[in-house]
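This report is written for someone meeting the structure for the first time.

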Amino acid sequence: MKGICILGSTGSIGVSTLDVVARHPDRYKVVALTANNNLDRLLEQCRVHKPSYVALLDEAKAEDFRARLATEGLMGTKVLCGTRALEEVASLTEVDSVMAAIVGAAGLLPTLAAAKAGKSILLANKEALVMSGPLFMRAVVQYGAELLPIDSEHNAIFQCMPANYHAGRRASEVRRILLTASGGPFLNKALSELHDVSPDQAVAHPNWVMGRKISVDSATMMNKGLEVIEACLLFNMPPEQIQVVVHPQSVIHSLVDYVDGTVLAQMGNPDMRIPIAHALAWPERFESGAEPLDLFSVRQLNFEAPDFGRFPNLRLAYEAVRSGGTMPAILNAANEVAVASFLEARIRFTAIPEIIDHTMQSLSVQRAESIEEVLEADHQARVIAHDYIATLT
Ligand code: NAD
Ligand code: MG
């Protein structure tokens, strides 16, 4: 029996994780859940899974939640609060696996704490890895942690890697990684119309139901940009060996091209319970609850090259990973600020890449030798992005 901590249990990935865990009560015990919103859902999760700990960011919410647990008679769950509490629950001795499913930079320190505690990390929170890059990968090795990718593409690549592959190792027999992208809701929209798209249009993804931030990232293709950086780190490959392939059906989740000409692909329905179950059961396999793939209803698989003119964020992400150091953290922070402003309807969709480009050009790249330097770059980028947005609105 393994103990699991889910960072961000009330989000899209958190909910799917608990769905899979509930199918295997003989394999996993929920030790800790963390959340920042949706306390009704968190309470329901506590009723079903009876975690030993819950960690909330905010003291007032924690106080309220303690009272709600008491009313329900759920006295076995201890409620902690604050950012340090997230790090604490991710490092508990009774926790074997940590699902990192907080969205954005807020997930960095708890995920890093899990690495330093030598846990098996199921990594959905791509922003944490993009920001801290080599530092994070070094911590995984130094503290004997295990890193299993949850992002569907990276999980697919991991599955297509040679036997006994571990994240961070360079597989010299691999020539290229082919990273698939759905292209999001605006793949075929006239460029002139992108100016006026609303937040609700941007979050309406054709194939996946996800949190709002990653849904906007899919519409701008920054999600794929962050995933290129994520792939460089997880698979220890230079960006030139990572080819983005637009594949609108989202049935092939990515491919690995070997030096002998063999190309291995991982396929399945677009259901995040598949990569989650893969990582939870690894190196074995168990049921995820996903429907079997019906190729006769899929019928066609299409592929096209990405359009860097339509999706400038993809170009910016390649630039950031080539610059290295603090630049991926700067790209990520500027994107988080721009997307939040777009979701509040303060800026236009087309301003998102403009804000990121401006922020990247305004800051010089530093070496990112410590987590403090990464957090400082993140902070500076947010200030610059906010100031720039103020000139637009
Ligand atoms: P979401 O918005 O649905 O959920 C985010 C979770 O994080 C919630 O539980 C929320 O309470 C918590 N949270 C938000 N801000 C926080 C903060 N400041 N401090 C602590 N907790 C906070 O997001 P999601 O779609 O589940 O995505 C989570 C992560 O997984 C993201 O990094 C995303 O890129 C990645 N991911 C998601 C999917 C997907 O299908 N949803 C696929 C691949 C990767
Ligand atoms: Mg993905």
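Is S254 buried or exposed? S254 is buried, because its relative accessible area is 0%, where buried means under 20% relative accessible area, exposed over 50% and partly exposed in between, with a 1.4 Å probe and protein chains only.

## Basis of the model

This is a predicted model, in which local features need pLDDT of at least 70 and side-chain atom pairs count only at pLDDT 80 or more, while totals for chains, interfaces and linings use all residues. Residues are numbered from 1 along each chain as its sequence is written, chains are lettered from A and ligands numbered from 1 in the order in which they are written, and side-chain values use heavy atoms, with hydrogens and water left out.

## Backbone features

S254 lies in strand β10 (residues 252–258). Helices (H or I, at least four residues) and strands (E, at least two) are DSSP runs, numbered from the N terminus. The phi of S254 is positive, near 155 degrees, in a residue other than glycine. K50 is not a glycine either, and has a positive phi of about 45 degrees. K50 sits in the loop between α2 (39–49) and β3 (53–56).

W282 and P283 are joined by a cis peptide bond, with omega about 5 degrees. P283 belongs to the loop between α11 (273–281) and α12 (295–298).

## The shell around ligand 1

Ligand 1 is surrounded by 24 residues, and T10, N36, N37, E127 and G211 are the closest; a residue is near a molecule or strand if one of its heavy atoms lies within 4 Å of it. By class, the shell holds 12 nonpolar, nine polar and three charged residues. Here Ala, Val, Leu, Ile, Met, Phe, Trp, Tyr, Cys and Pro count as nonpolar, Asp, Glu, Lys and Arg as charged, and the others, Gly among them, as polar. Domain 1 (2–149) and domain 2 (153–268 + 300–314) each give at least three residues to this shell, with bounds from an automatic or database domain assignment.

Oxygen atoms of ligand 1 lie 3.1 Å from a polar backbone atom of G11, 2.9 Å from a polar backbone atom of N36 and 2.9 Å from an N or O atom in the side chain of N37. Taken alone, ligand 1 exposes 830 Å², and the protein buries 89% of that; the areas come from the Shrake-Rupley method with a 1.4 Å probe. The elements that give two or more residues to the shell are α1 (12–22) and α6 (126–142).

## The magnesium site

Ligand 2 is a magnesium ion, coordinated by D151 (OD), E153 (OE) and E227 (OE) at 2.1 to 2.2 Å. Donors are N, O and S atoms within 2.8 Å of the metal (3.2 Å for Na, K and Ca); water is not among the atoms, so sites may look incomplete. Along the chain, the donors follow the spacing D-x1-E-x73-E. E153 lies in helix α7 (residues 152–160) and E227 in helix α10 (residues 222–234), so the pair ties together parts that are 74 residues apart in sequence. Both E153 and E227 are buried.

## Two distances

Helix α7 also contains I157, which counts as buried because its relative accessibility is 0%.

L264 is part of strand β11 (residues 263–267). At 37% relative accessibility, L264 counts as partly exposed.

Methods: Polar contact = N/O pair within 3.5 Å; in protein donor to acceptor, adjacent residues only side chain to side chain.
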